[in-house]
Amino acid sequence: IPTLFSIMTRSLLSVFEEDAANLTDYTNKLLQSMQRVFGAQVLNTTQTPPLLVFSHVKTQTLNSLHTELANQMADGMVFPLIQFREKDLTEISTLKEIYGIATDEHEAAMVKYSRLPKKRENEKVLKADLVKEVAYTRRKQHSASLQYYCALNALQYRKRVAMLEPMLGYTQAQISFFKKGIELVSKKMDSFLSSVSKMTKSIQTQLDSEAEGMRVSQRELLSVDDSVYMPDTDSESVNRTLIQKAGYLNIRNKTGLVTTAWDRLYFFTQGGNLMCQPRGAVAGGMVLDLDNSSVMAVDCEDRRYCFQITSPSGKTSMILQAESKKEYEEWICTVNNISRQIYLTDNPEAVAIRLNQTAIQAVTPITSFEKRQEGSPNPDRSAVRDQHVCPLKTAPEPEDLIAPGTPIQFDIMLPASEFQDQNRAGGRRTNPFGETDDDCSAESDDSLLQQVFAVRFLGSMAVRCGDNQEVIYEAMRQVLAARAIHNIFRTTESHLMVTSSSFRLIDPQTQVTRISFQLEEVCQFAAHQENGRLIGFVVEGRDWSEGDEEGEPSFSAFVFESNTEGEKICYTMNLAKEITEAKKDPEALAQLMKNMPLTNDGKFLLLEPETGDTSDGAGQEDLESEA
């Protein structure tokens, strides 16, 4: 079944349909010419030549020869062409209309099925009716397409005979007419006509064989169970090593400022590009460059199996919906494999399998971060990063950074008791936009910096040290590998507020603080050297399990994905550190505030708007729409 809707089939279908249209036009013109020749021959039969007016015998003989020639032209030249036009070309036109109607019915059924909401998942009757309707229209479209394709294939053979028969009929009629001058016709002509006749029979035999084979294949394809046509009933396991993928997806398009619409289009990957082929187009066009892009599952409106692809810059993104869970997971894995540029290697399939096995075994990274830094494709980014992160030391082994078998937490859950305590405390929520009430704490009044970034929490884990930047990179690698192994694609979006005294992770819906870190507890932070939207930091705590009064130092790494460049977040974190150090020296603090622009009220530092300026309501709307 997938071969019926492959890229080659769709392209050939347009070519065959255009060929059928050109053949129809050519046949009509050829028939008009043949009819003019036949009319001239009939007119010649009714008129007596002037030179033979006194030769009655010769006149009768010549008239009978012309009459026989006219009959042979009608039978061998005009009639086969009329039969070909009325039978084959008319059948193609009829099957094309039936195929179009079946396709429209299937599209309408798929639109109804795609709109099936998750909140009605328990209504088995509604879902069963929609599934049956999709299966019925899909079978109907399948049957119509098979008949239409068979007719187009048969036309490719039949047109050879149809174009030769009129010429052969005309030639044979002329040869019969000039029977008395047969000695003028060479034996090569007889051999040519014999070979043409044999070729015609061979083509007819090949056509019969192909037609029988297509009928057998059609019966086999139509004899499958109805479950093959039902969506979301895949029995095969998910292939996570694909580097090419093709199929229908629903894409969300903006139709207005706040309204969206879903369109069902045919998507396929070609090299490192995501292509889309609209209906009726001979070839597809590029939609997005997948190199170094990111893909993840998202909750979108009231639809299932949705995922989002984002360009490396974060400025271009699209939300797509797959037909089934298997397609949904395979598309995510395929885009993830392509983003690693596996297709550029000599043996992409083997590399994809090896990378998948490597992720499952959770071994050391494929390429060390030291090599990535030495051969970094963007030295300017590395230079900016070195301004606000600690210098790299000699790269230790992964076991020295993170203990093997360390558990990973993939979400930050706010306890119910803490949520109730925050609601009971006067109903006041944490405001990520820097607005303060009269009863705010001294810490909020004292804060000179408040910046908000839209981030998605990927995971956190315990680490062995906090003074080495490599521990952040290793934590990023293990978190992403664990998500791929356990098939965890969903992430929770939060607002990361960076102030001059703390880092806070805030729920964007309830404005409740999920987790907070004092600035002096954060001992290391860095952005990924290749994927600029990955950022992580290490927090130092105390472990009193040994009974020591001071407690043993413990370290935890937190990994996030942001909508903006991670370098901007690192810059803001480094600025917060500088403000904290400057608070110890009033002169240094005054000099720092003198060099940095402030808001109108003089309370907060004013940074670039793209780094998360949310001083008014419009900023909040832009932040949420970008996330």
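Of the 627 residues of the chain, 42% are classed as buried, where buried means under 20% relative accessible area with a 1.4 Å probe, protein chains only. The model is predicted, and local features need pLDDT of at least 70, side-chain atom pairs pLDDT 80 or more, while totals for chains, interfaces and linings use all residues. Residues are numbered from 1 along each chain as its sequence is written, and side-chain values use heavy atoms, without hydrogens and water.

The chain holds 15 helices and 15 strands, taken as DSSP runs numbered from the N terminus (helices H or I, at least four residues; strands E, at least two). Contacts, defined as heavy atoms within 4.5 Å, join residues 24 or more positions apart in 69% of the cases with a separation of 6 or more.

Helix 1 (residues 7-46) has 40 residues and should span 58 Å at 1.5 Å a residue, which agrees with the 59 Å between its end C-alpha atoms. The expected span is 1.5 Å times one less than the number of residues. Among the buried residues of helix 1 are R10, L13, L23, L30, M34 and Q41.

Q41 is also one of the residues in contact with L69, neighbours within four places in sequence being left aside; the others are A173, Q174 and F177. L69 is located in helix 2 and is buried, with a relative accessible area of 3%. The C-alpha atoms of L69 and I175 are 9.5 Å apart, although 106 residues separate the two along the chain.

Helix 12 (residues 470-485) has 16 residues and reaches 22 Å from its first C-alpha to its last, close to the expected 22 Å. Of these 16 residues, 13 are buried, so helix 12 is largely enclosed by the rest of the structure. Just after helix 12, N487 has a positive phi of about 60 degrees.

A cavity is a set of points on a 1 Å grid over the protein atoms alone where a 1.4 Å probe fits but cannot get out, and its lining residues have an atom within 4 Å of a point. Of the 13 residues lining the largest cavity, S114, N250, Q321, A322 and E323 are the closest to its centre. Helix 2 (56-114) and strand 1 (246-254) each supply at least two lining residues. Domain 1 (7-48 + 55-115 + 126-189) and domain 2 (246-359) both contribute to the lining, so the largest cavity lies between them; the domain bounds come from an automatic or database assignment.

Notes:
Buried < 20%, exposed > 50% of the residue type's maximum accessible area, 1.4 Å probe, protein only. 1 Å grid on protein atoms, 1.4 Å probe; cavity = no way out; pocket = protein on both sides within 12 Å on 5 of 7 lines; lining within 4 Å.
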